[in-house]
Amino acid sequence: MAAAAAVVVGVLTLSALAPPTFAADRPDTVQQGLNALVHDDGLPAALASVKDREGRTRDYTAGVGDVRTGSKVPVDGQVRIGSSTKTFTAVVVLQLVGEGKIDLDATIDTYLPNLVRGDGIDGSRITVRQLLQHTSGLPDYEDLVADDIRRHHYLDPRDILDVAFQRKAVFPPGKGWSYSNTNYVVAGLIVQKVTRRPFAEEVDRRVIQRIGLRHTYFPAPGDMTIRERHPHGYARDAAGAPLRDVTELDPSVGWAAGQMISTNSDVNRFLTELLAGRLLPPAQLAQMRTTVPIEDTGAGYGLGIMSRPLSCGGVYWGHGGDIDGYETRGGVTDDGRAATVTVTSIPVDGAGTRRVEKVVDTALCR
């Protein structure tokens with residue numbers, strides 16, 4: 001979207017008064033990448049927040065915030081972050097490990113006796129560590145929940161487990177790796193049992209308030225809205241199909257696995273503070289960063305966080321998230337770079353998601 005001339009003049013004036021944030025003598029490859037996601041992939045909007053090694057941040061947008069009105073994409077607008085919630089959940093669990101209230105190698109039954117049962121499923125054989133690392137063998141439930149139920153109805157966490165345990169175990173505990181939202185629903189219930197407080201309150205108290213994330217929250221039951229300025233989220237059933245506005249939905253189907261709302265800059269700050277050791281003691285942070293391979297992708301999965309290789313060498317740490325209307329990808333490096341990118345419709349295939357991830361790589365390798 002071309003900016004109005006007056007806006008351009010204003011931006012240039014402000015830039016002259018402030019120290020430069022990024023080199024001006026080369027094309028802005030991040031903006032080019034976002035533009036391509038909109039123009040070539042047909043995504044309604046793309047947003048990014050990028051922080052360099054010196055802590056200087058730049059926010060980007062492309063596309064439109066509302067396809068009906070053609071309104072601008074709000075800079076660093078709030079979005080549903082889906083499974084990026086898992087890192088918040090893992091942090092709370094690991095804080096409780098550091099406090100001696102949870103043992104990573106204790107079984108689910110230690111905290112939730114007889115809750116996790118099914119065909120090949122036995123909570124007395126699955127550890128907390130296996131939940132956080134997706135090595136439990138618990139089956140996923142997401143595709144078993146009808147679209148109308150997922151979007152418009154509140155689901156209690158235990159109801160979610162009833163749905164999940166209609167399926168048999170994927171493999172015996174510790175004998176493989178398989179991504180499953182069910183793991184984090186169980187982890188959230190363990191937090192509630194140990195703390196005797198609602199899970200959302202623990203996330204707010206232990207993470208959001210602690211590091212001052214001003215635009216991040218866990219929606220209350222029945223809250224289908226997004227509080228602050230935000231781009232609309234859309235769903236498309238197949239390539240070329242019409243877009244459906246799915247901005248308002250009940251995110252309870254995600255709960256501790258995917259319910260939260262944030263901004264790209266808040267996610268960057270959360271991950272930066274986490275890796276800097278401001279949320280976890282060194283021992284628990286080291287456990288979090290101990291990974292198992294994700295098949296042959298070159299990526300690894302730790303305890304609620306992933307490592308992904310960079311084209312310029314090294315890795316970055318983060319966790320992607322998909323929920324109806326939004327896909328988020330990004331992470332931070334050990335030397336302080338951070339980038340988070342969100343698009344306002346889940347790409348219809350894996351190739352589209354890889355192009356989103358490519359923009360993250362571009363931002364971190366500049």
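Predicted model: local features only at pLDDT ≥ 70, side-chain atom pairs only at ≥ 80, totals over all residues.
1. Helix 2, buried side. Helix 2 spans residues 29-39, and its buried residues are Val30, Gly33, Leu34, Leu37 and Val38. Around the axis they take up an arc of only 140°, which places them on the same side of helix 2. The cover over these buried residues includes strand 1 (45-51), strand 2 (57-63), strand 15 (338-343) and helix 12.

2. Helix 2, start. A side-chain oxygen of aspartate 28 comes to within 3.2 Å of the backbone nitrogen of valine 30 at the start of the helix. Valine 30 is also among the buried residues of helix 2.

3. Helix 7. In this helix, residues 157-164, the buried positions are Pro157, Ile160, Leu161 and Ala164. Viewed down the axis, the buried residues of helix 7 stay within an arc of 100°, so they line one face of the helix. They pack against helix 8 (181-195). The N-terminal end of helix 7 is capped by aspartate 156, with a side-chain oxygen 2.9 Å from the backbone nitrogen of arginine 158.

4. Threonine 342. This residue belongs to strand 15, one of the elements that cover the buried residues of helix 2. Threonine 342 has a relative accessible area of 0% and is therefore buried, the limit being under 20%. Its side chain makes two polar contacts that deserve a check in the viewer: with the side chain of asparagine 264 at 2.8 Å, and with the side chain of threonine 328 at 3.0 Å. Leaving out residues up to four places away in sequence, threonine 342 touches Ala45, Ala46, Leu47, Val79, Asn264, Tyr326, Glu327 and Thr328.

5. Threonine 344. The loop between strand 15 and helix 12 holds threonine 344, which counts as buried at 0% relative accessibility. The side chain of threonine 344 reaches the backbone nitrogen of alanine 45 at 3.0 Å. With residues up to four places away in sequence set aside, threonine 344 touches Pro44, Ala45, Leu47, Pro231, His232, Gly233, Tyr234, Gly325 and Tyr326. Ala45, Leu47 and Tyr326 are also among the residues touched by threonine 342.

6. Glycine 330. Strand 14 contains glycine 330, whose relative accessible area of 11% makes it buried. Glycine 330 and glycine 320 are 10 residues apart in sequence, and their C-alpha atoms are 6.5 Å apart. Beyond its neighbours within four places in sequence, glycine 330 is in contact with Tyr316, Trp317, Gly318, His319, Ala339, Thr340 and Val360.

7. Positive phi values. Aspartate 76 is not a glycine, yet has a positive phi of about 55°. Aspartate 76 sits in the loop between strand 2 and strand 3 (79-80) and is buried, with a relative accessible area of 18%. Histidine 134 is likewise a non-glycine residue with a positive phi, of about 60°. Its place is in the loop between helix 5 (128-133) and helix 6, and histidine 134 is buried at a relative accessible area of 0%.

8. Cavity. Searching the whole structure gives 1 cavity of 30 Å³ or more. The largest cavity has a volume of about 40 Å³. Its lining consists of Ser84, Thr87, Phe88, Val267, Phe270, Leu271 and His319. Helix 3 (85-98) and helix 10 (264-275) are the elements that give two or more residues to this lining. Helix 10 contributes the most, with 3 residues. By type, the lining of the largest cavity has 4 nonpolar, 3 polar and no charged residues. His319, in this lining, is also in contact with glycine 330.

9. Second largest pocket. The space in this pocket comes to about 940 Å³. Its lining has 47 residues, and those nearest the centre are Ser83, Glu142, Gly321, Asp322 and Arg329. At least two lining residues come from each of helix 6 (147-152), strand 6 (234-235), strand 11 (306-309), strand 12 (315-318), strand 13 (321-323), strand 14 (326-332) and helix 12 (350-364). The lining of the second largest pocket divides into 19 nonpolar, 14 polar and 14 charged residues. Strand 14, one of these contributors, is the strand that holds glycine 330.

Notes: Residues numbered from 1 in each chain as written. Heavy atoms only, no water. 1 Å grid on protein atoms, 1.4 Å probe; cavity = no way out; pocket = protein on both sides within 12 Å on 5 of 7 lines; lining within 4 Å. Points joined across faces, edges and corners; volume = space filled by probe spheres on them. Helix = DSSP H or I, 4+ residues; strand = E, 2+ residues; numbered from the N terminus. Nonpolar A, V, L, I, M, F, W, Y, C, P; charged D, E, K, R; others polar. Buried < 20%, exposed > 50% of the residue type's maximum accessible area, 1.4 Å probe, protein only. Arc of directions from axis to C-beta. Contact = heavy atoms within 4.5 Å. Polar contact = N/O pair within 3.5 Å; in protein donor to acceptor, adjacent residues only side chain to side chain.
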